[in-house]
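Me: I would like to understand how the terms used for a structure follow from its atoms. Could you take me through them step by step?

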Protein chains: 2
Amino acid sequence: MNLHRNPIPVEDAINKVLACQIKGDIERIPLMDADNRILSEDLIADHDVPLFDRSPYDGYALIANDTIDASLHNPIVLDVVGAIGAGSVYTEPLQPSQAIRIMTGAKIPTNADCVIMLEDITEDSPSQIKLIKKMKKNQNISFQGEDVAKGTVIVKKGTKINPGIVALLATFGYKDVPVYKRPVIGVMATGSELIEVGEPLEEGKIRNSNAYMIISQIKRAGAIAKYYGQVSDVLEECVEQMKRALNEVDFLITTGGVSVGDYDLLPAIYQQMDAEVLFNKVAMRPGSVTTVSTINEKILFGLSGNPSACYVGFELFAKPMIDTYLAKESIGLKIEKAILSESIDKKNSFDRFIRGKAYMEKGQLHVKLSGKDKSNMVHSLAEANCLIHLQAGRDDYRKGAVVDIRLIDELY
Amino acid sequence: MNLHRNPIPVEDAINKVLACQIKGDIERIPLMDADNRILSEDLIADHDVPLFDRSPYDGYALIANDTIDASLHNPIVLDVVGAIGAGSVYTEPLQPSQAIRIMTGAKIPTNADCVIMLEDITEDSPSQIKLIKKMKKNQNISFQGEDVAKGTVIVKKGTKINPGIVALLATFGYKDVPVYKRPVIGVMATGSELIEVGEPLEEGKIRNSNAYMIISQIKRAGAIAKYYGQVSDVLEECVEQMKRALNEVDFLITTGGVSVGDYDLLPAIYQQMDAEVLFNKVAMRPGSVTTVSTINEKILFGLSGNPSACYVGFELFAKPMIDTYLAKESIGLKIEKAILSESIDKKNSFDRFIRGKAYMEKGQLHVKLSGKDKSNMVHSLAEANCLIHLQAGRDDYRKGAVVDIRLIDELY
């Protein structure tokens, strides 16, 4: 059951996936649950900030004109007529020669036009203060709207919600937050050589690690994973299982069974499911046999059973699709330049994406290989935070050369 | 109720917090829930990888010696005696002039000593293959243990679990994963000027945004937040509420009420609770009035009510404490060098930590101010992913200068 495979360039393959443009719906969720979700509407100020003229310090509100003659040799004495705690309001207008104790954040009373800080007061008592500092009109007042005017767009839709944005959402009364729904992505493992993680090893078999890895990659990308376990290797049953899964998810990812071996059922399955194959071979290593197809507005990703190829295939092709679904501001892996900290001697007849560990040194991005990079080695996956892109035909990847990397995880 | 406040240098304050060395317990959690948790034991290979000599390709296993005379003009014909799918085992020893179809990942049968790839076969039929390529002994075999030997430490404890590590945990049979417990951190807001996020605005009041922000910072740092709402401004009730909360959490964070204003209860509360104050003033801006105290092996963080000061206080002092509790490999904010993309004209009589947006350009780290940096402005929190450290006494922070930054969020 060999399918004709016509390799296409990596960027073409990514673009074919992105062209699908499957976008998620919008939902409103409680502010407390909004971390790391993607805003689906612009965040708009529902009021001026500050909402009223307020004091940025603990001190005394007064009328600047009263201090016009203040100096070391001419201390000014003002009558303290009250105190305003933050959150309370003083309703009387202030009169000349009067001062009022005011707390940080409290509203400036009528007629007061400046605030003197506590440490600038020479003497104070509950009824009087003495000061030697000449104050300017408007000094130490945070004016209504000076930070943000009502109606301003504070954060654009498509932005990931971080603690600072949570603070803004709280400030502007977003008890519920409009965000894009996360896609639900089904994961199915294929391969009769697989045993599950809790089972004892058997001769000739290996533990299923790809499915767990993909589930973790799905979560890192901000989507929801749904694990369907291992599919049957009987064609009809497998088609049935995949059809059922596709009804319950937005995308479906399979791992294994996409190589050209005799026991690979997926090409036959794609035919039976009427899948439109976008590509079934990519001119790259690892992951050349990655297959992506569409079935009724849903996407089926057939990733390799090889751990490295599976990992790379997910990040290059499934990650941008998730970003698109979430309507993120930035789609796909961020491409950066980094200095190679070791030579890579491999000849590249194909574009290669090898796992790397990018790190900063004095503000400059460097990258090294993360472990040995044999495609069947799961070992080097652990510390990878980027993919190093080695271009086909180039073999000048020496220590100190600048190389393109695609970031997949934190740098620190 | 003013407490004597003796400012200490920032690094001294951080070190005082770290010296507490409050560490969390260990728990075992399902592999599916282990993302982003911190490994509490070294991850050890429970078997060789590969577990047996296996084929890295789809092809035919054979005896290299049979191909010694193979050439374009002297094709060699071998009898195909069977097929080994991945996961199945062929128990007969291979005889001279025999070949066996083998799938990627399948176990090499006895006597076979190399694998010829499918594409290197000149002709094949179910019973015979013809080849013109001379094979070498051991060619195309992945040998037992060549990736990882049983007993090897694969990942060190203290490492954050990412998708690659999940794959390794699955490979080595970690159905449950040993991780450090996450600290539970209580959050209490103080301040009678605060109204909750769902309530309509009132004159003189502001919405409580700090508590939500801190809760989000706690989650970003990998801990669990527990929100206690606003505390009473009656001393006895407040002490009671805080005592009760401290019984339920590992650390307690309060926001507001730590300034020197008349209405601040916290110094009195600390006295009543017999808290040992580690420091109550730090020689920095914003956040100078950050107070940290210990009460019976628990830590009480008194963060400012000012949003910027609260944010910075959390990242500088509470984040390293969480890292310590989680026994992370790296504690506290990572310090990096970045190039200033704009001049900062502020005079710095104190160490300042202003919010910045760090970004990469051709592999070089740059940083700009994130929004205007007035301490009462919540606005610039949104895009901050680092704190720019401006040292006391220096005023040469010109465009192009190299500056220390502390990373608090993703760079991309």
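Reply: Let us begin with a definition: a salt bridge is a side-chain nitrogen of Lys or Arg within 4 Å of a carboxyl oxygen of Asp or Glu. What follows concerns a predicted model, in which local features need pLDDT of at least 70, side-chain atom pairs count only at pLDDT 80 or more, and totals for chains, interfaces and linings use all residues. Residues are numbered from 1 along each chain as its sequence is written, chains are lettered from A in the order in which they are written, and side-chain values use heavy atoms, with hydrogens and water left out.

Me: Why is the meeting of A:K107 and B:E203 called a salt bridge?

Reply: The side chains of A:K107 and B:E203 meet at 2.3 Å, N to O, and the rule asks for a Lys or Arg nitrogen within 4 Å of an Asp or Glu carboxyl oxygen, so the name applies. Between chain A and chain B the count is eight salt bridges, and 24 residue pairs are in polar contact across the interface, both residues being at pLDDT 80 or more. A polar contact is a pair of N or O atoms within 3.5 Å, where, within protein, one must be able to donate a hydrogen and the other to accept it, and residues adjacent in sequence count only if both atoms are side-chain atoms.

Me: What makes up the contact between chain A and chain B?

Reply: With contact taken as heavy atoms within 4.5 Å, 90 residues come from chain A and 89 residues from chain B. Chain A and chain B bury about 7,500 Å² between them, 58% of it on carbon and sulfur atoms, where buried area is the accessible area (1.4 Å probe) that two parts lose on being put together, summed over both.

Me: How do you know that the copies meet through the same surface?

Reply: Of the interface residues of chain A, 99% are also interface residues in chain B, and therefore the copies meet through the same surface.

Me: What makes the relation of chain A to chain B that of a two-fold axis?

Reply: When the copies are superposed by least squares on the C-alpha atoms of residues with pLDDT of at least 70 in both, a rotation of 180° with 0.0 Å of shift along its axis brings chain A onto chain B, with RMSD 0.1 Å. That is the relation of a two-fold axis. In chain A, the C-alpha nearest the axis belongs to A:Q364, 2.3 Å from it.
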